[in-house]
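Here is a friendly walk through the packing of one protein chain. Have a look at the model first, and then we can go through it together.

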Amino acid sequence: MGEFDHRLTAAWWALRIGLGVGPIITGIDKYFNKLTDWGMYLSPLATKIVPVSTPTFMHMVGVVEIVAGLIVLSRWTKIGSYIVLLWLLGIAVNLLTTGMFYDLAIRDVEIAIGAFALSQLTAVREQVKAKHGAGAA
């Protein structure tokens, strides 16, 4: 492979922007609840385990999401995509334990697969870049 294929570059950027900006937007909204009432998605099991109120917990979740999105958009895209992957799987498990929202859990697993794809594309992109110099990728 001489250089990173331009078609893969377009896919890489689409995933990077989507998986970077999405968590930032939803993370910020954990403070405003304009997109939805985020607290309703918190499992009753989680509310028993977590020693803080639901709004406080969702604010902490928002910080994690914002940071994860920023890492995806930074030069550490591969690490950030793994963080988003794990975070989304955690959200899916939480949703499954609510006894409802199964559709959202499946959606989050699908988005997590997209985060995995971003990590793999980034690994190849970095490998090509290292092999052929900074201008190749």
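Two residues are said to be in contact when heavy atoms lie within 4.5 Å. Please keep in mind that the model is predicted.

## Valine 84 and the cores

Which residues does valine 84 touch, leaving aside neighbours within four places in sequence? Its contacts are Leu19, Pro23, Ala68, Val72 and Ala115.

Valine 84 also belongs to the largest nonpolar core, a set of 13 residues. Phe4, Trp12, Leu19, Val72, Val84, Ala115 and Leu118 have the most contacts inside this core. Two or more residues come from each of helix H1 (6-29), helix H3 (54-73), helix H4 (77-96) and H5. H5 gives the most, with five residues. Another core, of nine residues, lies apart from this one and includes Val61, Leu95, Phe101 and Ala105.

## How H1 meets H5

The axes of H1 and H5 come within 9 Å and cross at roughly 130 degrees, so the two helices are oblique to each other. H1 passes H5 in a left-handed crossing.

On the H1 side, the contact is made by Leu8, Ala11, Trp12, Trp13, Leu15, Arg16 and Leu19. Their partners in H5 are Ile111, Gly114, Ala115, Ala117, Leu118, Leu121, Thr122 and Arg125. By type, the residues of this contact are eleven nonpolar, two polar and two charged.

## A closer look at threonine 122

Threonine 122 sits in helix H5 (residues 102-132). Its relative accessible area is 2%, and because buried means under 20%, threonine 122 counts as buried. Beyond neighbours within four places in sequence, threonine 122 is in contact with Trp12, Thr77 and Lys78.

Terms used
Residues numbered from 1 in each chain as written. Predicted model: local features only at pLDDT ≥ 70, side-chain atom pairs only at ≥ 80, totals over all residues. Heavy atoms only, no water. Helix = DSSP H or I, 4+ residues; strand = E, 2+ residues; numbered from the N terminus. Buried < 20%, exposed > 50% of the residue type's maximum accessible area, 1.4 Å probe, protein only. Core = buried A, V, L, I, M, F, W, Y, C linked by side-chain atoms within 4.5 Å. Axes fitted to C-alpha atoms, helices over the stretch in contact; angles between N-to-C directions. Parallel < 35°, antiparallel > 145°, perpendicular 65-115°, else oblique. Left-handed = near helix turned anticlockwise from the far one by under 90°. Nonpolar A, V, L, I, M, F, W, Y, C, P; charged D, E, K, R; others polar.
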